[in-house]
Amino acid sequence: MKVSVDEDKCCGAGSCVLAAPDVFDQRDEDGVVVLLNAEPPAELHAAVREAADVCPAAAITLRAAP
Amino acid sequence: MARGDADQKLDYPLPAPTALEPPVEWADLRGRCPVAPVTLPSGDTASLLTRYDDVRQVLSDPRFTRHLNAPDAARIAANESGGVFNGALASAMPEETHQQWRRLVSKWFTAKRMTRLRPGIEAMADRLVDAMVEHGAPADLRSMLGFPLPVWVICDMLGVPETDRDRFAYWSNTLLSLTRYTQDEIDAAQAEFRAYMADHIAATRQDPGEDLISELIATSESHGQVLPDEALLATAQGLLVAGHETTSNMIGKMVGMLLADRRRWEALLDDPSLVRTAVEEALRMDANGGFGIPRYITEDAEVGGTRVPRGTTVVCNLSAANRDERVFPDADQMDLTRSPNTHLAFGAGSHSCLGQSLARTELQAVLSVLLRRLPSLELAVAPEDLARVDGLVVGGLQELPVRW
């Protein structure tokens, strides 16, 4: 799994951090998403999928790893 | 189609059979008339959206604007000004500066920051439960816990005294009036609210602290173009209202739904790790979510295969969208393990609720504390006898009588 985030779309709701705190964080200065791990291990995939699904701004994209 | 024909407009909001159940029309509207003409409390016409995909699309599409002060936009509320969505608070900020503004304020509401607040929120919930236990059963959980907890949290963040909470509640209710208050009552209350907050901002400017308003003042001095005084005042007022009104109501509705079928409460007692998904499911299941979110469009568009002409005001009913079977299997069943739960209770798109991590933290904290402290909690009235808050754009329960 490859994760990417669109900082411009991000609305800082923080739902990704609540769903998958090992993969997503927010910048202290403006709440914009920080991607901690663009290729998370398999055991985090379910949480990352949830984070992408619940993102209110649809700012998280998942692709199959090549 | 039987309902929603142009010559057979429904009056909106639609009545519901009980405080926790949805209006019977929703399923029919989602199935057969997803863009339904309705008559608002003002008498103006709007198009009601009830399907998940349509609501999500409109809230994420910037062509559907918040400019409900446009001359041909529908007025919402029954009073002359049309209420909060047509008023100055909603339009104080040009769309272009919204993202900059949002990022200034968002730093106060990050998930990490909210997680750090959680022990303090739980401690306050414990103290409020102490007072409720001392009062004895039956007690009104809304007035003894659901209302004071979020007020305390947001007052602490804004640096305003919590002891003024009854005034805040009145000012909030007038601001959020749909049919309850007259224009004169609203104008008088809002003048008081503005004066109160302007005085608070002036006093904070003289003697800044560690709170959000102090920081926004400091920021506005370096970012005057983003936060002129008028926007600072609107921000402070908006956060105070939004910070307690919706969460207060949601605490009552969440606990009410969990106790209405006590097997739900028992499932949580058996496995408290379900608190997180249970909170999300309560947000999804909330059929009494209030007016919804209006948007106004200045060009022709299409929603769910229906043409929506320019000048239309649409109303996104989040609660109806959250019961859409196309997205949520067994949508009318409360499944405390549902995951992922992509409900729209906080809206969607760039304007989705700024305080949603705070709301989630408060709801999770209050539910954890109640499960630990009052495992024998039950409703002191039949669920169908719970009464709705009427005449406001937010939905809630007037009281939540409980015993334990």
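## A walk through chains A and B

Let's start at B:Val369, which sits in helix α15 (residues 356-373) of chain B. Helices here are DSSP runs of H or I with at least four residues, strands are E runs of at least two, and both are numbered from the N terminus. Before going on, a word on the source: this is a predicted model, where local features need pLDDT of at least 70 and side-chain atom pairs count only at pLDDT 80 or more, while totals for chains, interfaces and linings use all residues. Residues are numbered from 1 along each chain as its sequence is written, and chains are lettered from A and ligands numbered from 1 in the order in which they are written.

Back to B:Val369. Is this residue buried or exposed? B:Val369 counts as buried because 21 other C-beta atoms lie within 10 Å. The cut-offs are 20 or more other C-beta atoms within 10 Å for buried, 12 or fewer for exposed, and anything in between for partly exposed, with C-beta atoms placed from the backbone. Setting aside neighbours within four places in sequence, B:Val369 is in contact with B:Glu122, B:Ala125, B:Asp126 and B:Val129. Contact means that the C-beta atoms, placed from the backbone, lie within 7 Å. B:His98, on the other hand, is 271 residues away in sequence and 37 Å away in space, C-alpha to C-alpha.

Now move to helix α11 (residues 229-260) of chain B. α11(B) has 32 residues and spans 46 Å from its first C-alpha to its last, close to the 46 Å expected at 1.5 Å a residue; the expected span is 1.5 Å times one less than the number of residues. This helix is mostly covered, with 25 of its 32 residues buried.

Helix α7 (residues 148-158) of chain B packs with α11(B): their axes come within 8 Å and cross at roughly 160°. That crossing makes α7(B) roughly antiparallel to α11(B). Axes are lines fitted to C-alpha atoms, for helices over the stretch in contact, with angles running from 0 to 180 degrees between N-to-C directions. Angles over 145 degrees count as roughly antiparallel, under 35 as roughly parallel, 65 to 115 as roughly perpendicular, and the rest as oblique. α7(B) gives B:Leu149, B:Pro150, B:Val151, B:Ile154 and B:Leu158 to the contact, while the residues from α11(B) include B:Leu239, B:Leu240, B:Gly243 and B:His244. By class, this contact has nine nonpolar, four polar and no charged residues. Here Ala, Val, Leu, Ile, Met, Phe, Trp, Tyr, Cys and Pro count as nonpolar, Asp, Glu, Lys and Arg as charged, and the others, Gly among them, as polar.

Next come some backbone details. A cis peptide bond joins B:Ala137 and B:Pro138, with omega about -5°, and B:Pro138 lies in the loop between α5 (111-135) and β5 (139-140) of chain B. Another cis bond runs from B:Ser339 to B:Pro340, with omega near -5°. B:Pro340 is in the loop between α14 (318-321) and α15 of chain B, and B:Asp330 also lies in the loop between α14 and α15. Phi of B:Asp330 is near 50°, a positive value in a residue other than glycine. B:Asp330 is exposed, with 9 other C-beta atoms within 10 Å.

In chain A, A:Ala58 has a positive phi of about 50° although it is not a glycine. A:Ala58 is in the loop between α2 and β4 (60-63) of chain A, and counts as partly exposed because it has 14 C-beta neighbours inside 10 Å.

Notes: Contact = placed C-beta atoms within 7 Å.
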